[in-house]
Structures are given as structure tokens and as C-alpha cells.
Amino acid sequence: MIQKILLADSGTGNSEEMLKQLLEIPALKQASISILHVVPGQISPEQLTQKWEEGGKLLATAVQSLKLDPTKVSTILRQGDPKTVVCQVAEEINTDLIIMGSRGLKRLQSILQNSVSQYVFQLSSKPMLLVRDDIYVKRLNRIMVALDKSEAAQEALKQAIALARDISGGQLLLAHVTSGPAASNPEEDPILQAAAKTARQQGIEVKLFTASSNKAGEAICAIAAEANADLLILGSPDRRPTIAKGLPDLDRLLGGSISDYVRVYADCPVLLTRTAA
């Protein structure tokens, strides 16, 4: 259940619009909202004063634009490295969801260009909703979840059902991509059967998709585009190294994880749920 939401607001992108759409879902209307803006740390005193004033105005404008209940919203203005501050604040307030904008940089680009969203995605243990700057945020109606046998996928399914059952006329899109032969009739896919049964028992309209591909990320993005998904939910285990939780796991950053691919190429916002690695 999402009861606390942290919006990391840089003043650009579509993260505010994404929050607006989420708050149209009845179950989330009572969620408490924290809006964070980070002022750069390595600047002169004169620039700091200016940036601090700009940050305060940005937060005030965000609260007004989002039309939030004053009793349910708090604003946080911090100075420092945005990457580490977002992670710190997420832990401090024990948020249930981080919403962030994303430039959609590929893995190596994100490292070289000091991507905030990629760093937080790598090191935070909290679920994240990434909203690419170049996509159009739509009213949430068709929610897609990518499934397999993993615990992470089951966590994603739980979140998808929790959202979809509260959307009038909403539809849950269940997708299973396998490297072996795919069931010709998605209703006969065992993984989809179980998930569909659970969703239908809660009165949710369900549509099923299967695909056979050795490139699961590409297949998931293709299904999301074909189904015109408004939100894609994907299970993503806590990726932090077990020995050095404070350092990026470069092997995984440079590797070919499905969630890395989907966060860059999906044509809709991507919610990455979390489970322990």
C-alpha cells in the first residue's frame, strides 16, 4: 500500500504530472506527499542564496499546481549532491514510492553524465516511478505488469492489482516473456493463468500477452507499446551490493538487466517495485 510518496522535483520534466495522475486513483488520495528539491552544493555563497530562493519558489509553485491538501504535503529543500540527497531523504521519511524524472540515458551515458535517476535506481531500496522527460503522461487506465516466476514479479503484480482495482474502467495487462516457446493462447500460460485468476477475483478486467524472445526487455517494451499501456510495472530486486551498500554496483550498471533496458526504452512511465536481492 502506498501511503507515503516522495516527489524529487527538479523543476523540469513530467514528474509533477505523473503525481497528479496517481492522485486521481482513490486509494492514493489519502497518501502523504513530500516534495523535495535539492540545491547544488558546490556553488558560491552568492549563487547559493539565489538557488535557495529559486528552490523555495519552485516548491511553493509545485504545491499550488498540484492542488494538494496542505495537511497531506510537506516540502523539503536541501543542499548537496542530488543523487545522495534523494536516497537519504527517501530513507529518512521511509517513503513507499519515489517519483523522479529521467532523461532516458543508456547505462554508460548515465554513468558518464552523472545521472541522478540511475544512481538512485541503483542504490535506493525504495520502489521508484521513473518518468522520462520525452514521454506524454496519460490518465492511468491501462496498467501493465511483466511477470515471471520470481518473487520480484509477484511483488509487481500485487502493486498492479492494488492500483488497477481502484480505477473505474481500468484494465490490467499481464505479460509473460519467455526464452522458450510461448503459449499460442495466453490463457493457457500457467504464469498468466494464476495472475489473471487473482486479478479477476477482485473484479479487474484483464488482458493477457505472451512472447518468446531472448531479449526480454525489448519484448516487454514492444508489448507495452502494442497495448498502449499508461504505466508499466516491473519487479526489480534491491540491486545494492551486499558488501558495500554505499557504492554503485558497476557490473550491474554496465550489465544488461531487463529493468535497465525498460526504464530507458519504454514509451510510458515505469514503476520498479523492490524486493530483497
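What share of the contacts in the protein chain with a separation of 6 or more comes from residues 24 or more positions apart?

1. **Overall fold.** The answer is 79%. The model is predicted. Its protein chain has 10 helices and 10 strands.

2. **Burial and surface.** The chain has 277 residues, and buried residues make up 49% of them. The accessible surface comes to about 13,200 Å². Carbon and sulfur atoms hold 49% of that surface.

3. **Helix 7, buried side.** Helix 7 spans residues 190–200. Its buried residues are Ile191, Leu192, Ala195, Ala196 and Ala199. Viewed down the helix axis, these fall within an arc of 115°, so they line one face of helix 7.

4. **Helix 7, cover.** Several elements cover those buried residues. Among them are strand 6 (142–147) and helix 6 (151–164). Strand 7 (171–178) and strand 8 (205–212) also belong to the cover.

5. The face turned away from the buried side carries exposed residues, Pro190 and Lys197.

6. **Helix 7, N-terminal end.** Asp189 caps this end of helix 7. One of its side-chain oxygens lies 2.9 Å from the backbone nitrogen of Ile191. Ile191 is also one of the buried residues of the helix.

7. **A lysine to inspect.** Lys83 is found in helix 3 (residues 82–92). Its relative accessible area is 7%, under the 20% cut-off, so Lys83 counts as buried. The side chain of Lys83 makes a polar contact with the side chain of Asp81, at 2.8 Å. Lys197 of helix 7, by contrast, is exposed.

Definitions and conventions. Residues numbered from 1 in each chain as written. Predicted model: local features only at pLDDT ≥ 70, side-chain atom pairs only at ≥ 80, totals over all residues. Heavy atoms only, no water. Buried < 20%, exposed > 50% of the residue type's maximum accessible area, 1.4 Å probe, protein only. Helix = DSSP H or I, 4+ residues; strand = E, 2+ residues; numbered from the N terminus. Arc of directions from axis to C-beta. Contact = heavy atoms within 4.5 Å. Polar contact = N/O pair within 3.5 Å; in protein donor to acceptor, adjacent residues only side chain to side chain. Areas by Shrake-Rupley, 256 points an atom, 1.4 Å probe, with all protein chains shown as cover.
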